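Open your viewer and keep the selection panel handy. We will go from the whole chain to single side chains, one stop at a time.

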Amino acid sequence: MVQAYRTDTEGAGAGPGHGSRLGALRHRLASDRGIWRRGILLALCSVLLTVVMVLHADIPNAIGNLGSLIETFLPWFGLLVPVLLVLGLVRRSATAVIALILPVAVWLNLFGGLLFSDKSGSGGGLTVATHNVNAGNPDPTGTAQQVASSGADIVALQELPGGKVAAYEDALADAYPHHSVQGTVGLWSKYPVTDSSPVDIKLGWTRAMRATVTTPEGRVKVYVAHLPSVRVKLNAGFTANQRDDSADALGEAIADEPIERVVLLGDLNGTMNDRSLNAVTAQMRSTQGAAGDGFGFSWPAAFPMARIDQIMVRGVEPLASWTLPATDSDHLPIAARVEL
């Protein structure tokens with residue numbers, strides 16, 4: 001009788017209605033014959049997302065510069081993964097959930113190093129900063145002083161309206177005894193600045209310059225640039241032709257630069273992923289990519305979604321790169337520490 005009672009009890013405990021919640025879930029999943037057939041469309045969406053991230057460089061720019069638009073916001077494509085995961089769980093589709101392995105692996109390969117590692121190092125004798133101050137900035141003095149408080153040895157400013165240049169010069173005069181303004185861009189330095197001149201980026205007015213800065217570690221050529229803005233229009237897509245032509249001209253100027261050590265500071269209105277900036281990015285290193293912590297998004301300041309402000313170097317070793325606190329501009333200032 002005791003043996004019979006024990007057997008009945010064990011049998012009852014093993015039934016699907018009396019086991020643990022996990023056991024009941026396993027039973028439901030095992031008995032759900034549609035778990036692999038449901039969610040095929042969601043799985044295909046995961047495959048499509050994977051293909052876009054893998055082949056982004058092959059997406060043509062012929063129609064609305066679609067390729068460049070996708071590359072500008074490519075890191076944000078990772079946000080589609082949790083959306084597809086939730087939809088897959090709601091659909092109770094094993095196929096949809098397992099298919100997410102593909103886009104997750106590709107996204108981590110592209111951006112995992114930026115998200116999960118701090119590549120900054122110690123040392124470095126030169127700190128540089130750049131900021132698009134916004135022509136409509138209501139407080140140029142405060143903005144200039146805030147950027148100067150970063151302790152940068154060299155500061156580049158873009159989008160300087162003629163009527164406010166004096167305010168920036170006065171605010172930065174004590175910290176930076178050497179400076180040059182060309183058109184709407186300017187360079188301020190703690191070290192002597194010579195050979196300052198505009199750089200023609202095919203706009204008809206000056207939005208780029210170069211100058212030689214003589215630091216205690218030697219000479220370095222500093223370029224300051226503000227490439228034309230781009231727009232996203234429903235009837236025209238990602239309008240960036242003027243920006244692309246200016247990038248090509250800037251790239252040619254840097255390629256012809258006889259001084260080996262070059263630093264480029266500015267608002268390029270494009271990310272390092274954008275193939276339309278190849279004339280510049282192919283010959284220089286991004287300080288953020290080489291030695292930054294995280295993505296370093298700089299625009300828009302209220303909710304940064306892309307790093308269109310860049311510090312790039314040639315013949316110079318990046319050691320650290322970071323964003324600075326917001327000012328009254330719609331861009332965040334950025335800074336980097338380099339070794340000459």
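Start with everything selected: of the 340 residues of the chain, 48% count as buried, where buried means under 20% relative accessible area, exposed means over 50% and partly exposed lies in between (1.4 Å probe, protein chains only). This is a predicted model, in which local features need pLDDT of at least 70, side-chain atom pairs count only at pLDDT 80 or more, and totals for chains, interfaces and linings use all residues. Residues are numbered from 1 along each chain as its sequence is written, and side-chain values use heavy atoms, with hydrogens and water left out.

**The whole chain**

Show the surface: the accessible area comes to about 16300 Å², and 59% of that belongs to carbon and sulfur atoms; such areas come from the Shrake-Rupley method with a 1.4 Å probe, and for residues only the protein chains shown count as cover. Now switch to cartoon, where you can find 12 helices and 14 strands. Helices (H or I, at least four residues) and strands (E, at least two) are DSSP runs numbered from the N terminus. Among contacts (heavy atoms within 4.5 Å) between residues at least 6 apart in sequence, 67% join residues at least 24 apart.

Two strands pair if DSSP finds at least two bridges between them. Zoom in on strand 11: 2 bridges join it to strand 12 (residues 309–314), and the two run antiparallel. Which residue of strand 12 is the bridge partner of Arg-285? Look for Val-313.

**Two stops inside the sheet**

Select Thr-212 in strand 6 (residues 208–215). Thr-212 counts as buried because its relative accessibility is 1%. Its side chain makes a polar contact with the side chain of Lys-221 at 3.0 Å; a polar contact is a pair of N or O atoms within 3.5 Å, where within protein one must be able to donate a hydrogen and the other to accept it, and residues adjacent in sequence count only if both atoms are side-chain atoms. Leaving out residues up to four places away in sequence, Thr-212 also touches others, including Pro-192, Asp-195 and Ile-259.

Move on to His-226, in strand 7 (residues 218–226). Is His-226 buried or exposed? His-226 is buried, because its relative accessibility is 3%. Show side chains to see the polar contact of 3.3 Å between His-226 and Asp-267. Beyond four places in sequence, the contacts of His-226 include Asn-132, Gln-158, Glu-159 and Asn-269.

**A loop residue**

Select Phe-295, in the loop between helix 12 (287–291) and strand 12. With a relative accessible area of 17%, Phe-295 is buried. Among its contacts outside four places in sequence are Pro-75, Trp-107, Phe-111 and Arg-307.

**Last stop: the surface**

Finally, select Val-47, Val-51, Val-54, Leu-55 and Leu-102, which make a nonpolar surface patch of about 380 Å². Helix 3 (residues 40–54) gives the largest share of the patch, 3 residues. Patches are made of residues with over 30% relative accessible area and no salt bridge, with like charges joined within 9 Å and nonpolar side chains (Val, Leu, Ile, Met, Phe, Trp, Tyr) within 5 Å. A salt bridge is a side-chain nitrogen of Lys or Arg within 4 Å of a carboxyl oxygen of Asp or Glu. Click on Val-47, in helix 3: Val-47 counts as partly exposed because its relative accessibility is 36%.
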